Amino acid sequence: MRDQTEERFRPSGRRRRLRRKVVPGAAAVVVGVFLAAAAVPPAAAAPTADRDGSLQQALNALVRSDGMPAALASVSDGKGRTRTYAAGVGDIATGSVAPRDGQVRIGSNTKTFTAVVVLQLVAEGKVKLDDHVDAYLPGLVHGDGIDGGRITVRQLLQHTSGLPNYVDYLSDDIRHYEPRELLDLALRHKADFEPGEGWKYSNTNYLVAGLLVQEVTGRPLAVEIDQRVIRRAGLRHTYFPAPGELLIRERHPKGYHRDSAGAPFVDATEWDPSWAWAAGQLVSTNSDLNRFYSELLGGRLVAKPQLEQMRTTIRAGHPFADGARYGLGLVSTPLSCNDEVYWGHGGSMTGYETRGGVTEDGHAVHVAVTTQPGKATQKHMEELVNEALCSTARPGNGKDNGPSQ
C-alpha cells in the first residue's frame, strides 16, 4: 500500500511472508471470461443503465487489455435504482466468473468514514476542528519537528499536518498491527513540513484521527463507524473487520498481488488488513459505496455546517487525479462535461482498487479491480468513472467544486 492507504496502499511491501500461493496460467484464464447482468429486472432498470454497452466494454478492456483479473462496477441514479456489472474471473484458479457487486477491500475510502465520525463529534460539541491534537491526545504526537500542540484536527483530516506516512516504514511482514505501533513507526521520522505549510497524503493523519475518536467516545473506532455511519446510511454489505479477521464475509472476487508487470499473480485475499486501520481497513461493495457517498452528500450523515467544512477543498496531489481537490476526508474530481465535479475518495488496498463518486444531482458510479493497478490502468478506471457520470450529467448541475482555502 505504499501510495494511497491508498498510496497504492502499498504496491511493494508486506506481502512476502504469509502464504505465497502463486496462481498458474492466470492470463489464459482471465482473458475472454466476461459476465454482464443487471441487478434489477429490465423493466425497473435505472435511466443510467448501460444501454449502448459502453460501460461493460470498458470493464472488459480492464480485463482483456489491462490484465486485471476482474473488474466490477455499480451505477446508481440517485432514486434508489442501481445496475451492476462485472468482467473477468473471481478466482483465477477455478475460472469462476466474478460476482456482480461482490465485497472488496475499499482501502482509503475508509478515510471518509473516519472523517464523518469526527465531523459528527464536531456537531455534538465534543471536538473542535481548530483545536490542537494535544487537547485530545496529550503528549502522544511528538517527535522531530512534530508537535501535537501545533497540529489541528482540521490539518489531520486535510493532510496538511506534515506528519510522515508510517506506511513508508512498514516491514515486509504480513501480520497484525496495533494502531499505536503504527504511530510509533511514523514518529521515529522527521516531519515532512510545518503544520499548515503544505499538503501531502499521509495515512498517519487518519491513524491519529481514529485514536482521537476512541479517546473522545471511549469506544472502539470500529463500533463508532458501524453505529454512526454504516447503520445510519443503511449499508448492508459494509463492515470493519475484527482483529484477526482475514476472511471476507460475503461473496467476493479474490484479490491478487504481483511483484511486477507480467509476474505471477499471488492470492492476497486473506492478508491481514490491520496495518491500514482508520486509514483503509473497511470492506464494502460498489453499490454500498454509491449509497454511502450519496447519503453523505445528501446531508443525511453530517449536519450542513460540518458538510460544508468537508467540502472546503485545497489542491491535492499524488495519488489523486489531475485537478482533484481535498477537503476533510472528501475529494472533488473534475468531470470532462459541463464544468462539473464528482465527490468521493477512492481506495487502494493489497489485492483491490476502487474509484468513483457521486455528482451533485445524485448519480453515482464506483468501479473496482482485483489487483493494484499501475498508473495507466488507474487512469483508465478514472476515465470509466468520468464517462459513466458524464453520460448521466445534466447541464447546470454539480458545478460547485466546493469553497477553497
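This is a predicted model: local features need pLDDT of at least 70, side-chain atom pairs count only at pLDDT 80 or more; totals for chains, interfaces and linings use all residues.
Mentor: Local features here need pLDDT of at least 70, side-chain atom pairs count only at pLDDT 80 or more, and totals for chains, interfaces and linings use all residues. Residues are numbered from 1 along each chain as its sequence is written, and side-chain values use heavy atoms, with hydrogens and water left out.

Trainee: Why is Gln120 called buried?

Mentor: Buried means under 20% relative accessible area, exposed over 50%, and partly exposed in between, with a 1.4 Å probe and protein chains only. Gln120 has 6% relative accessibility, so Gln120 counts as buried.

Trainee: Where is Gln120, and which residues does Gln120 touch?

Mentor: Gln120 sits in helix α3; helices are DSSP runs of H or I with at least four residues, numbered from the N terminus. Contact means heavy atoms within 4.5 Å, and Gln120 touches Arg228, Arg232 and Leu301, not counting residues up to four places away in sequence.

Trainee: What makes α3 largely enclosed by the rest of the structure?

Mentor: Of the 15 residues of α3, 14 are buried, so the helix is largely enclosed.

Trainee: How many residues of the protein chain count as buried?

Mentor: Of its 405 residues, 61% count as buried.

Conventions:
Helices (H or I, at least four residues) and strands (E, at least two) are DSSP runs, numbered from the N terminus.
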